[in-house]
Amino acid sequence: MVPTGQVAEKQACEEPRQDRELKSWRWLVFYLCFFGFMAQLRPGESFITPYLLERNFTKEQVTNEIIPMLPYSHLAVLVPVFLLTDYLRYKPVLVLQCLSFVCVWLLLLLGTSVVHMQLMEVFYSITMAARIAYSSYIFSLVQPSRYQRMASYSRAAVLLGVFISSVLGQVLVTLGGISTYMLNCISLGFILFSLSLSLFLKRPKRSLFFNRSALVQGALPCELDQMHPGPGHPEPRKLERVLGTCRDSFLVRMLSELVKNIRQPQLRLWCLWWVFNSAGYYLITYYVHVLWKITDSRLNYNGAVDAASTLLSAITAFTAGFVNIRWALWSKLVIASVIAIQAGLVFCMFQIPDIWVCYVTFVLFRGAYQFLVPIATFQIASSLSKELCALVFGINTFLATALKTSITLVVSDKRGLGLQVHQQFRICFMYFLTLSIICLAWAGLDGLRYYRRGRHQPLAQAQALSPLEDSVQAISLQDGDPRRPQPSAPQLLPEDGSVEDGRADLRVEAKA
């Protein structure tokens, strides 16, 4: 038994340490949120397409030569940046993102040729790929109990920065009469300030994959045997050691868990939605500013539309958190309905030659997409560990990028069909319409199956234990710790996910 005096002395020593940890956590939250807010202040971003057209680049050059370079380079840098983000522990990649933004705006201000603008898109693709560093950074600084609060604070800071940036850009152009060139100079100033802020970010000591703090007692038996082979276990040869290390590596174990989890119908459904809908969504946002300029070259309310779409996206994303239905039964019908709405909005964009209709339909289009993003995020992350969740989102993003790159190569690039913007939007309308029909037919088949089984029979998938939980429990027992808690997944919010938009939104989504 510990004497009472020693207990009191121990508690007295722990209280100041807890106070220091609380103050340190609050300071990290404030500084990270302030950096996230300032990093979004690029008021010239909503007006890049008008700026390029004012610089004597033709609509054909912007549509078929400059913009297609973005998805190509994004696909090329996505995986390397994703791996470097974890290996270098986030902060260096955030600094790289700010440096890439500096290069983007220097090329915008000083570049004079199509090649310069294509290089600008390459640097912008790096900033898009690096946005995962901000969303992942927060989970390496705080305790798991604070994940949800930290994520909500950082997400709110990003959305607020996007909104203020868009409003500021529109006010400076409309009321201040500032040229787009001067607006880009102001954006460069904000970027340099955010670069200086990134230099003072705290570098985490751990990351999800490459810099994990492993406990000796948590090692697998095969790893312990390799470190201290017993008398009945001769020391393995070099090839056997290499194969054993690869087989028992953390990443390989995660991939095997992913193969088991992909059998879950809900996980598979929402991953497919993420890939196919995100590809179509970005195809619209990449070219919507060109469509606006063709529809009406006099009006220029890009910033106001971006601000309104960001605000509506935040509202719809917040509203989605209160939707309480049996997702195992109604998911496909909800997805089909939302995609059908998106198809109708895209049809109105290119079919009705009115700039205000284009503005309103784009705001609604963004809101419809952002409504399903948090639902998809929760459905994917609800039964996955934090590490596996990050891997799934990374794979989804890569597949969506590969799909939109393939479509861009065929439809938009001058080496492909080289179609004009209105024709591209017509193809996007057919793309969304096809997706909605497939989802609706899929939902109908599920409904027929459900009613044939009996109305009151419970859905097995909705109530069954996920394969991951079974496997984690088995791993815990194998490691000799049956009481080890199951991994919990934080409610990740994509910047994208994205908030990964446009040429304004492309940029807005990349920021968010």
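A polar contact is a pair of N or O atoms within 3.5 Å; within protein, one atom must be able to donate a hydrogen and the other to accept it, and residues adjacent in sequence count only if both atoms are side-chain atoms. The structure is a predicted model, in which local features need pLDDT of at least 70 and side-chain atom pairs count only at pLDDT 80 or more, while totals for chains, interfaces and linings use all residues. Residues are numbered from 1 along each chain as its sequence is written, and side-chain values use heavy atoms, with hydrogens and water left out.

**Overall architecture**

The protein chain has 20 helices and zero strands; these are DSSP runs numbered from the N terminus, with helices being H or I of at least four residues and strands E of at least two. Of the 512 residues in the chain, 50% are buried. Buried means under 20% relative accessible area, exposed over 50%, and partly exposed in between, with a 1.4 Å probe and protein chains only.

**The nonpolar core**

A nonpolar core is a set of buried Ala, Val, Leu, Ile, Met, Phe, Trp, Tyr and Cys residues joined through side-chain atoms within 4.5 Å. The largest one here has 117 residues, and those with the most contacts inside it are L108, W270, W273, I380 and F425. Helix α12 (residues 265–295) contributes the largest share of this core, 17 residues. Leaving aside residues up to four places away in sequence, W270 touches W327, S331, I335, L372, I375, A376, Q379 and I380, where contact means heavy atoms within 4.5 Å.

| Residue | Relative accessible area | Polar contact of the side chain |
|---|---|---|
| Q170 | 7% | backbone nitrogen of A304, 3.0 Å |

S198 is located in helix α8 (residues 180–198). With residues up to four places away not counted, S198 touches F35, K91, L94, V95 and C98. Q170 belongs to helix α7 (residues 147–174).

**A nonpolar surface patch**

V79, L83, L84, Y87, F210, I395, F398 and L399 make a nonpolar surface patch of about 690 Å². Helices α4 (69–87) and α16 (386–412) each supply at least two of its residues, and α4 gives the most, with four. L399 lies in helix α16 and is partly exposed, with a relative accessible area of 41%.

Notes:
Patches are made of residues with over 30% relative accessible area and no salt bridge: like charges are joined within 9 Å, nonpolar side chains (Val, Leu, Ile, Met, Phe, Trp, Tyr) within 5 Å. Accessible areas come from the Shrake-Rupley method with a 1.4 Å probe; for residues, only the protein chains shown count as cover. A salt bridge is a side-chain nitrogen of Lys or Arg within 4 Å of a carboxyl oxygen of Asp or Glu.
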